[in-house]
Amino acid sequence: FKTGSMLGAPGIKIVTASSFLTSEGKLFMGRGLARDLKIKVPGIDKIFGSLVLKKCGHLGKYGLLVYERWGVFQVRCRFNDKANLELITFGIERVREFAEDTGYIINLEYPDIQDEELTEEEIGPIIDTLPGNVYIWEN
């Protein structure tokens, strides 16, 4: 686990997100680190929106999408839904495969447990399956 400014860390930076597309075809990135990434990399919401549309469509299931050195990790379908443990488990498996296949340093935002939607006891065993080149970032 790491704390600090994840978006400035070396390696691939992956923020939590939904699969909600706006009317302009942009991935909703309106809060937390996703919002910070959208500000840091103008147009990234449109890029991820097109990737979501291609992979699974609005409100579909993608798990993980990576573009250059940025990524989104799905924790919900609608931006205002509660975090979904099944989606998080699916996404963690995609992150694990990506990390093992590439060997890249991966920086992953801690899967959403804001407002105590999910507990550390529920998320911990899933995260424990990740290899050593994946760093989990907490607020």
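A: Helices (H or I, at least four residues) and strands (E, at least two) are taken as DSSP runs and are numbered from the N terminus. The model is predicted, and local features are considered only at pLDDT of at least 70 and side-chain atom pairs only at pLDDT 80 or more, while totals for chains, interfaces and linings use all residues. Residues are numbered from 1 along each chain as its sequence is written, and side-chain values use heavy atoms, with hydrogens and water left out.

An α-helix has 3.6 residues a turn, so residues three or four places apart point the same way.

Just after H2, Gly57 takes a positive phi of about 85°. Leu59, in the loop between H2 and E3, has a phi near 65°, a positive value in a residue other than glycine, and with a relative accessible area of 26% Leu59 is partly exposed. In the loop between E3 and E4, Glu68 likewise has a positive phi, of about 55°, although Glu68 is not a glycine; Glu68 is exposed, with a relative accessible area of 60%.

Leu87 lies in H3 and, at 7% relative accessibility, counts as buried. Not counting residues up to four places away in sequence, Leu87 touches Lys61, Gln74, Val75, Arg76 and Cys77. Ile92, also placed in helix H3 (residues 85-102), is buried with a relative accessible area of 1%, and its C-alpha is separated by 9.2 Å from that of Gln74, 18 residues apart along the chain. Leaving aside neighbours within four places in sequence, Ile92 is in contact with Phe73, Leu108, Ile126, Ile127, Thr129 and Leu130.

Strand E5 holds Asn107, which counts as buried at 2% relative accessibility. The side chain of Asn107 makes a polar contact of 2.9 Å with the side chain of Trp137; a polar contact is a pair of N or O atoms within 3.5 Å in which, within protein, one must be able to donate a hydrogen and the other to accept it, residues adjacent in sequence counting only if both atoms are side-chain atoms. Beyond its neighbours within four places in sequence, Asn107 is in contact with several residues, including Met6, Ile12, Ile14 and Tyr135.

The rings complete the picture. The structure holds 5 aromatic pairs, where rings of Phe, Tyr and Trp (its six-membered ring) pair if their centres lie within 6.5 Å, with planes under 30 degrees apart counted as stacked, over 60 as edge-to-face and the rest as tilted. The rings of Phe1 and Tyr110 have centres 5.9 Å apart and planes at 40°, so this pair is tilted. Phe1 lies in the segment before strand E1 (2-3) and Tyr110 in the loop between strand E5 (106-109) and helix H4 (120-127), so the pair ties together parts that are 109 residues apart in sequence. Phe20, Phe28 and Phe79 form one aromatic cluster. Lys13 lies over the face of Trp70, at 5.1 Å from the ring centre, and the charged end of Arg94 sits over the ring of Phe90, 4.3 Å from its centre; the criterion is NZ of Lys or CZ of Arg within 6 Å of the ring centre and within 35 degrees of the ring normal.

Conventions: Buried means under 20% relative accessible area, exposed over 50%, partly exposed in between (1.4 Å probe, protein chains only). Contact means heavy atoms within 4.5 Å.
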